Every structure is written in structure tokens, then in C-alpha cells.
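Here are my notes on this model, as numbered points to read with the viewer open.

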Amino acid sequence: MPSSHLLAVITADLSKTQDQSQGLRAALSERSVTLTAETVTTAMALCTNDVCNGNMQTWRTHLGGVMRLLGAFLDSQGTLPIADPYIQCLVKWFTTMDVLAGLSGFSTSAVMSSNTGLLDRSFDLLNWNVDDICGYSLRLAPLLARLSQLVQRQYHTEAGMQEDILAETRRLEIEIISLVECSVSGGDSFELQSTHLAFVHSALLHLHRRVQSLPRNHETVKEDIEKILTAVEHIPPFSSANILILWPMFSVGCETDHIKQREFIHNRMGDMQSLGMGNFTRARELLSKFWASETSLSWDVYFANLGLELVLF
């Protein structure tokens, strides 16, 4: 089963995880209990359930707890890179949630630092193809974490852009662009190439809009938007690959004023919402709310002012 299909099964079955929470806490409280991949999986499923339900009071705590559990589990496996595909799936699942949490608004933050964190304990960093769980090359993950940090720093900078932020922005932009051409393997290679490009150009869109503060009508921003939508158009409407691209879809939706582009985004998110995948339902509702407001505020400021939070996973 392709990993995107596996992720679909997991996210569609999250309603059952609440019944497991009491047993999980009991197991974790017993120091004599051996930490297993199944225990980490249950913790990750509970955290994912909280993220998709928008439970702001608990998902951050659970995300940090999952990172500690996963780190401890990897410690128990030794120092060599982990070859077990199931364990690698857990690491990539966590990484996806973490980096997207850090890019979903001003009040969110990733628990993984801008280095590769858990990733470099589990993979050969030299041969990262486009991944069918994350939807992008894993080499992009630490760049997304750095982007999140830059967004937070720029938001808290009182006047303009500090020189150190400007210099880091230029370096990061070059590194992100370098990942446009990335190898893909497997039967879903064309669709994965498209999801990867959607993420790469969304990262550039966030960099240009949220860090560099370029206006929506700037040619660079309009180019980012066109490239994201072109990538998404190459993914069939009901392909499971759409599960992976909520963050690019929401990001581009918040930045375009073009009616036809908004219609395409609204319809594509509706296709995935009808399948019950991921956090598309709440994301689509908030996107419609943002459009209806006709606010001049950027989407992150608008939702922060309303006290609304959404993790785009």
C-alpha cells in the first residue's frame, strides 16, 4: 500500500484513538514497560486527532511528548540509521505535523529545531527523494523549520527587517529554490513531483509574503501563486496525493484575489473534504471566512486577531 494511502487510513480512523488515551497514559506511567513502536504510534495518533480537532489546549503538549517518546525509542534502537520502514514512517509523520504546526500562524511553533533533528538519526541525508508521506523531499523539512523561525522573528521585529533576518532570508531563498529539481521514485512519481513543487513554491510564497512583506500584487508573489496552482492542477482531483497538500492549498488560497483561482481552490478542497481526509473541512471554512471578510490584513494577522488557530495537516 502506498504511504499516502496508509496515511489516509490513519487519518480517517482517528476518532477511535480517544478510547486509547487512558491506556496509553497508564502504559507510559509504568517505568518497567518497554517502549515500543506501537506505543509511539498510539501517541502520534492521539496528537494527530487533537491537531485535526483544533484542540489548542492539548496538541502542543502532545506534540512535544511525541517528540520525546520518538527520541527515546530511537535511542533504544542504537546509533545507526534506522532501516525499518515502519519506524521511518513514524519519524516522517511526526516531522510533517511539526513543521506545518510551526508555519500555520503566529501563535504556533514547531518543537523541532531548524536542524534536521530526528531526521538525521533515521535517514541517509544524501539521498532524500520526494517522500510519499510528507509530499516533499525531506531536505525541505529543516528549511521549513527555519522559515517558521524567520516568520516569528519578523513578526516580533518592530521596524522593518533586521539585517540578520534579511541575510538569512536571502540564504534560505537560494536553498529552497535549489530543491525545485528533485528526484522521485515509485509508481506515483508524477503526482509526488507535483506535491513537492507545491510545497517548494508555497515555502517561497511564505518567505516573500510573511518575511519579506511583499504585496500581493508583486510580480514575485503572483509567480509563486501561479506555480503552486500549476503543480496542484497536475494532481487528479480525487487522488490520495491531495491529502498531502493542505498547507499549500490554504496558503495560496489566502494570497490570491483572483476569482477563478479561488473557485479552483475551493472546489479542490471540497473534493478532499468529501472524502473525509485530514483537516480540509475546518481549513475550507476558515478560508471562506477570510475571503468573505475582504480584510486588508494578511491571513495570519487576521486569524490571530480573532483568536483562531489551525494546523494545516
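1. A contact, in what follows, means heavy atoms within 4.5 Å. With that in hand, take the contacts in the chain between residues at least 6 apart in sequence: 70% of them join residues at least 24 apart. Please keep in mind that this is a predicted model.

2. On the overall make-up, the chain has 13 helices and zero strands. Following the sequence, the pattern reads α-α-α-α-α-α-α-α-α-α-α-α-α. The chain has 313 residues, and 53% of them count as buried.

3. How many residues does the largest nonpolar core have? The number is 84, and Leu144, Leu147 and Phe250 are the residues with the most contacts inside this core. As general background, nonpolar side chains in soluble globular proteins tend to be buried together.

4. Phe250 deserves a look of its own. Leaving aside residues up to four places away in sequence, Phe250 touches Ala283, Leu286, Leu287, Trp299, Phe303, Leu310 and Leu312. Phe250 is also one of the buried residues of helix H10.

5. The buried set runs through Leu246, Trp247, Pro248, Met249, Phe250, Ser251, Val252, Gly253, Cys254 and Glu255. You will notice that Ser251 and Glu255 are in that list along with residues such as Leu246 and Val252.

6. Leu287 and Phe250 are 37 residues apart in sequence, yet their C-alpha atoms are 7.0 Å apart in space. Beyond residues up to four places away in sequence, Leu287 touches Phe250, Gly253, Cys254, Ile265 and Met269.

7. The C-alpha atoms of Ser202 and Pro248 are separated by 5.5 Å, although the two residues are 46 apart along the chain. With residues up to four places away in sequence not counted, Ser202 touches Ile228, Trp247 and Pro248.

8. Now to helix packing, with H4 (residues 59-76) and H5 (residues 85-102). Are these two helices roughly parallel or roughly antiparallel to each other? They pack at an angle of about 150 degrees, with their axes 11 Å apart, and H4 and H5 are therefore roughly antiparallel. Their crossing is left-handed. On the H4 side the contact is made by Trp59, Leu63, Val66, Met67, Leu70, Phe73 and Leu74, and on the H5 side by Ile87, Leu90, Val91, Phe94, Met97, Asp98 and Ala101. By class, the residues of this contact divide into 13 nonpolar, no polar and one charged.

9. H5 also packs with helix H3 (residues 37-53): the two axes come within 11 Å and cross at roughly 25 degrees. That angle makes H3 roughly parallel to H5. H3 passes H5 in a left-handed crossing. H3 brings Ala37, Val40, Thr41, Met44, Ala45, Cys47, Thr48 and Val51 to the contact, while H5 brings Tyr86, Leu90, Trp93, Phe94 and Met97. Sorted by class, the contact of H3 with H5 has 11 nonpolar, two polar and no charged residues. Leu90, Phe94 and Met97 of H5 take part in the contact with H3 and also in the contact with H4.

10. Two backbone points remain for anyone checking torsions. Ser213 has a phi near 60 degrees, a positive value in a residue other than glycine. This serine lies in the loop between helix H8 (189-211) and helix H9 (219-233), and its relative accessibility of 47% makes Ser213 partly exposed.

11. Where is Glu294 placed? Glu294 sits in the loop between helix H12 (280-293) and helix H13 (299-306). With a relative accessible area of 72%, Glu294 is exposed.

Notes. Residues are numbered from 1 along each chain as its sequence is written. This is a predicted model: local features need pLDDT of at least 70, side-chain atom pairs count only at pLDDT 80 or more; totals for chains, interfaces and linings use all residues. Side-chain values use heavy atoms; hydrogens and water are left out. A nonpolar core is a set of buried Ala, Val, Leu, Ile, Met, Phe, Trp, Tyr and Cys residues joined through side-chain atoms within 4.5 Å. Buried means under 20% relative accessible area, exposed over 50%, partly exposed in between (1.4 Å probe, protein chains only). Axes are lines fitted to C-alpha atoms, for helices over the stretch in contact, and angles run from 0 to 180 degrees between N-to-C directions. Helices (H or I, at least four residues) and strands (E, at least two) are DSSP runs, numbered from the N terminus. Angles under 35 degrees count as roughly parallel, over 145 as roughly antiparallel, 65 to 115 as roughly perpendicular and the rest as oblique. A crossing is left-handed if the near helix is turned anticlockwise from the far one by less than a right angle, and right-handed if clockwise. Ala, Val, Leu, Ile, Met, Phe, Trp, Tyr, Cys and Pro count as nonpolar, Asp, Glu, Lys and Arg as charged, and the others, Gly among them, as polar.
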